[in-house]
Amino acid sequence: MRFSYSLLKQFVPALKSSEHLKDVLTAHLFEVESIDGDTVDIKVLPNRYSDCASHIGIAREVAAALGKPLKLPKASNAESRASHVEAALDLVLSVKERVLCPRYMARYFEIDANATTPEWMKRVLASCGMRPINPVVDIMNYAMLEVGQPMHAFDADKIKNITIRRAEAKEKIETLDGNHFTLTPDDLVIADGAHVLGIAGIKGGKRAEVTASTTRIVVEAATFDSVALYKTSKRLKLVTDASQRFTHRLSSVMPQEGMLRVTELLINICHARVGEVVDFYPKKMKPAVLRFTAEEFNALSGMKLTLTQALGYLKRLGFEVRGEGKLTKVVAPARRTDIERFEDLVEEIVRLVGYDKLPSTPPAIALTPAVHDDAVSLKALIRQLLPGAGLTEAYNYSFVSEKDIARAGTSDGAVALQNPVSAEFAYLRPTLAGGLLKNIESNFRFSDTVRIFEIGKVFVETKGKVSEHLALGIALGAKHASPLLELKGIISELLDRLGLMEHVMRDVTNVGAKYLNAGESMCVESDHRLLGIFGAVPQTLLAHAAIAEIDLGELTELVVGEREYEPIAKYPSIARDISVLIPRATRVGDILEEIQAVSPKFVYDVDLIDYFEDEAKMRADQKSLTFRIVFQANDHTLTDDEVGREMEKIVHVLRDRLFAEVR
C-alpha cells in the first residue's frame, strides 16, 4: 500500500522523519518496502488490511506504538453551515442481495461546477500514486486514502434509482477507463433499472460518470461480501484500490465514517448543498466483546504484566474496557473485524510491547525417545549400498497412463483415479517397472549402460479395496549384452549386506507381467515367503535389459527377524566337506536346499566353498562343487557316528535326485 508521509505526520506530530516512521512500523510487524520523498510503500499484513489500509489506520498504530496522541481531523460544523436540499431527488434504493450487500448508504449533493481540487489534496493523491481528475473524484479517492472506506459518486442527472442486484447472464458494462466486460449472475452490480451503473466494490461504469460539468451527484458508501467480490475481481482480472480493500472484509461501520468525511470535504471544497442520507443497514454489526485476565495473558505470552499495564496497551488502540479483575471485558473497536478471540488481544498487546521483549523460555514438555522405524532404516541402508554397486537412484511419478500399464502387462488391479489431471496420469502405478523401463530407454540415448534403482509405493485394487506397499525396483540396461546375471549378483549381495543370509532364487514360468521374459525369470524367497521377482525384459519390449522388484514390507520383516537375539550354542558343532561332480545345468541353490532338507534337525549351515570346471579333467557337461556342512544339536554334543549317518543320507539324496558323483 502507498501512503503519504506528510499526511501521516499531520496525524501523528510526534513523528520525527520518514526513517523514524520506518523504525516504528518495522518494530511492530509492518514492513516498509521503500521511501521516496513523500511516498512511503508499506506492506500491510492480510489480517490487518481492513484496519490499516488507510492513513488514519496506520497513524493510529504509530501513535499507539509511540504512546503519543493521535491528531485526527476534527469534526467541523460544515454540515450545519451548508444549505440543505429538500426532496430535490426522489431516490429509490433497492437492495435485492442483502447477504452480498449488508450495508448501503447513498446521499445526494448539489455542487459548484467551478470548484477546483486544492493543491494539498493533489500532492497527497500524487504521493499515493493517484492522478487528480476532478474535485468530486479526487475527494472520493482522498477520503478512501484517509479513512479506508472506498466510495463512488454518480451523476444524479443520469440515474433514476439505485438497485443492488446480481448481473444478468452476459450483461455488459463499459467501465470508467473505457474497458468492456461481460458479466455473469455471480457478479454483484449497482444498477439503475435495467442499466448497470457499476461493478459493486470494484469499478464504476461510464453510464453515470461524473464530469467537470456535473452539478448534481449521488455518493455511495457500502459494504460488500468479500468472497463474492474477490471471485468477480479474479475472473474479470480487474483489481482496483477499492477491490483490494473490500476483499479484505471491511467493517460495516466504515461507510458512515466515510460518508461523514466526504460530506465535509464536498461542503468545504465544492460548496455543496446537502441532501438526506439513505441508509440500508438491516442487521447492525456488533463489536467483539471478550473476557480478559492478566493471568491468562501472562501464561500465554510468557510476560509479567499487571492487569492495568495490559489494558493500557489495549486502550491505546481504541479498545474499550468494562469491569475490573476477573470480570474484565474488552470491547474491540467496531472497525476491527480481525479481533475474534482472546489470543487476538494477546497479539495486540505483545505487538505494542515489542516481540523482542518476549522472554526466551523453553517449553516445559516431556522428552520421549524417537521411535525407531525399521522401514526407514532399511531404505536408508539400501540407498547407501546400491550406489556402491554403481547404481543411481531414480524418482518417478506415482501416476501413470493406461498405455504404461498395458505395456508392462499389469492392468489387473490397476487403481484408476476419479479425477485425473490428464490422461497421462490416470492411474496409480501397480509396479515400479514401467517408470524404470522408461528411464532406461531415455538414458540409452546418452549411454551404453544404465544402472538405476527406485524406492517407492505401488498400489493394487483387490475386490474393491485398494492396498499399497513399499517396493524396491532395480533395473539394468546394456546395449551389447544381457545384464541378467549381474542383476542376480546385485540382488544376492544386497540381501547379504542387509543381513538376510538365508534366501533362495527359484525359476518361475508364470511371472504375471509382460515386462519379464517367462523363460528368464526367477523369484526370490526367504523363510518360504516371496520377496519379489526379477528377470530379463523381453526383446520386443526393450532389448538387453533386466529388472527386479522387491517387496520392502516383506523384506523389512525378514531382516528384522533375522537380527533377533539368539543365544550362543551350548554344544560344539562339527563340520564336514563334501565334493561332488554335478551336471553343469544344476543350480547351486537346488543343491543347498536338498542338503538342508535331508536333516533339518542337525544341519545348521551349508556353504559353497569351491567351484571348479575343467574340460581336460572332467566331462564338458560337468562341474565340481565343494560344500561345507555344519552339524549341530541343541540338546547334546553330536558324535562322529551321528554325523556319519547324516552324511550318508546326504550322499544318497545327491546321487538319486541330482545325479551327483561324490568324489
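This is a predicted model: local features need pLDDT of at least 70, side-chain atom pairs count only at pLDDT 80 or more; totals for chains, interfaces and linings use all residues.
User: Ok, helix 11 then. Which of its residues are buried?
Analyst: Ala294, Phe297, Asn298 and Ser301 are the buried ones in helix 11, which covers residues 294-301. Buried means under 20% relative accessible area, exposed means over 50%, and partly exposed is in between, with a 1.4 Å probe and protein chains only. Helices (H or I, at least four residues) and strands (E, at least two) are DSSP runs, numbered from the N terminus.

User: How do those buried residues sit around the axis of helix 11?
Analyst: They fall within an arc of 95° seen down the axis, so they line one face of helix 11. The arc is that of the directions from the helix axis to the C-beta atoms. Glu295 and Ala299 are exposed on the other side of helix 11.

User: Why would residues a few places apart point the same way?
Analyst: An α-helix has 3.6 residues a turn, so residues three or four places apart point the same way.

User: What do the buried residues of helix 11 pack against?
Analyst: Helix 12 (307-316) and helix 13 (342-353). Contact here means heavy atoms within 4.5 Å. Just after helix 11 comes Gly302, with a positive phi of about 85°.

User: Switching to helix 8: which residues are buried there?
Analyst: Ser226, Leu229, Thr232, Ser233 and Leu236. They cover an arc of only 130° around the axis, which puts them on the same side of helix 8. Lys231 and Lys234, on the other side of helix 8, are exposed.

User: And what covers the buried residues of helix 8?
Analyst: The cover includes strand 9 (180-182), strand 11 and helix 9. Helix 9 (residues 241-246) is where you'll find Ser243.

User: Is Ser243 buried or exposed?
Analyst: Ser243 counts as buried because its relative accessibility is 1%. Leaving out residues up to four places away in sequence, Ser243 touches Gly201, Ile202, Leu229, Ser233 and Leu238.

User: What lines the largest cavity?
Analyst: Its lining includes Leu100, Asp186, Phe224 and Leu229, and its volume is about 80 Å³. Helix 8 (residues 226-236) gives the largest share of that lining, 3 residues.

User: How much space lies in the second largest pocket?
Analyst: About 1000 Å³. Of the 42 residues that line this pocket, the closest to its centre are Val137, Asn141, His152, Leu176 and Lys203. Helix 7 gives the most to the lining, with 6 residues.

User: Now strands. How do strand 2 and strand 3 pair?
Analyst: Strand 2 (residues 31-36) and strand 3 (residues 39-43) pair in the antiparallel sense over 5 bridges. Two strands pair if DSSP finds at least two bridges between them. They form a hairpin with 2 residues between them, and Gly37 in the turn has a positive phi of about 65°. Asp36 has Thr39 in strand 3 as its bridge partner.

User: In what order do the 3 strands of the open sheet come?
Analyst: The order is 15-17-16, with antiparallel pairing. Strand 15 (289-291) and strand 16 (320-322) are the edge strands, each pairing on one side only.

User: What joins strand 16 to strand 17?
Analyst: 3 bridges join strand 16 to strand 17 (residues 329-331). Val321 has Val330 in strand 17 as its bridge partner.

Note on methods: Residues are numbered from 1 along each chain as its sequence is written. Side-chain values use heavy atoms; hydrogens and water are left out. On a 1 Å grid over the protein atoms alone, a cavity is a set of points where a 1.4 Å probe fits but cannot get out, and a pocket is an open set with protein on both sides within 12 Å along at least five of seven lines; lining residues have an atom within 4 Å of a point. Grid points are joined across faces, edges and corners, and a volume is the space filled by probe spheres set on the points.
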